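Hi,

Here's the structure I said I'd pass along.

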Amino acid sequence: MGTAPQAAGVTYPLDCGGAPHKVAARASGDLDGDGKPETVAVVHCEAGSGTPPSGVYVLTRGRQPGAPARVVATLVAPEDLKTVTGFSVRDGAVRATLLGYSSPDVPSCCPDEKEQVSWYWKGGSFVRTGQAEARSA
């Protein structure tokens, strides 16, 4: 198995309005069974305060030697307004906990939804499985 792609220097499909982005977490593993590791990166815009939503991206090697890695799949888009915790890559799957909001009235400090999700490579794409946890009232 070769070296996993680096998460730094990648052009992510993330609109930060001119602010920089931050790779908050990364993990690597062979997700598609081709014998070459992919890297999965959790990325968000740098915010002065608060918790900006995360994007989760699968990276593969650049097309040319020495080229930066490239995004080949978006598992969670920042527009989904999720915060990603408990992130890992194990046994060919990406696992994470997604924190979110049941309505726009929920304060951004205090997500009230929690879901355990996994993504597996199947039939040429990533398939998501997950289970939402009951909200506390």
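A disulfide joins C109 to C110, with the sulfurs 2.3 Å apart. The torsion about that S-S bond is about -70°, so the disulfide is left-handed. Bear in mind that this is a predicted model.

Searching the whole structure turns up two disulfides. The other one joins C16 to C45, S to S 2.1 Å. Its torsion is about -90°, so this disulfide is left-handed too. C16 sits in the segment before β1 (21-29) and C45 in strand β2 (residues 38-45), so to speak distant parts of the chain, 29 residues apart. Both ends count as buried: C16 has 16% relative accessibility and C45 has 15%. With the bonded cysteines numbered in sequence order, the pairing reads 1-2, 3-4.

On to the charges: the count is two salt bridges. In one of them, E115 pairs with R128, the closest N and O atoms being 2.8 Å apart. E115 lies in strand β7 and R128 in strand β8 (residues 125-132), so the pair ties together parts 13 residues apart in sequence. R128 is partly exposed at 40%.

The other is K82 with E113, closest N and O atoms 4.0 Å apart. K82 is in the loop between β4 (70-76) and β5 (83-90), while E113 is in strand β7 (residues 113-122), so this pair ties together parts 31 residues apart in sequence. K82 is buried at 19%, whereas E113 is partly exposed at 28%.

Cheers

Note on methods. Residues are numbered from 1 along each chain as its sequence is written. This is a predicted model: local features need pLDDT of at least 70, side-chain atom pairs count only at pLDDT 80 or more; totals for chains, interfaces and linings use all residues. Side-chain values use heavy atoms; hydrogens and water are left out. A salt bridge is a side-chain nitrogen of Lys or Arg within 4 Å of a carboxyl oxygen of Asp or Glu. Helices (H or I, at least four residues) and strands (E, at least two) are DSSP runs, numbered from the N terminus. Buried means under 20% relative accessible area, exposed over 50%, partly exposed in between (1.4 Å probe, protein chains only). A disulfide is a pair of cysteine sulfur atoms within 2.5 Å.
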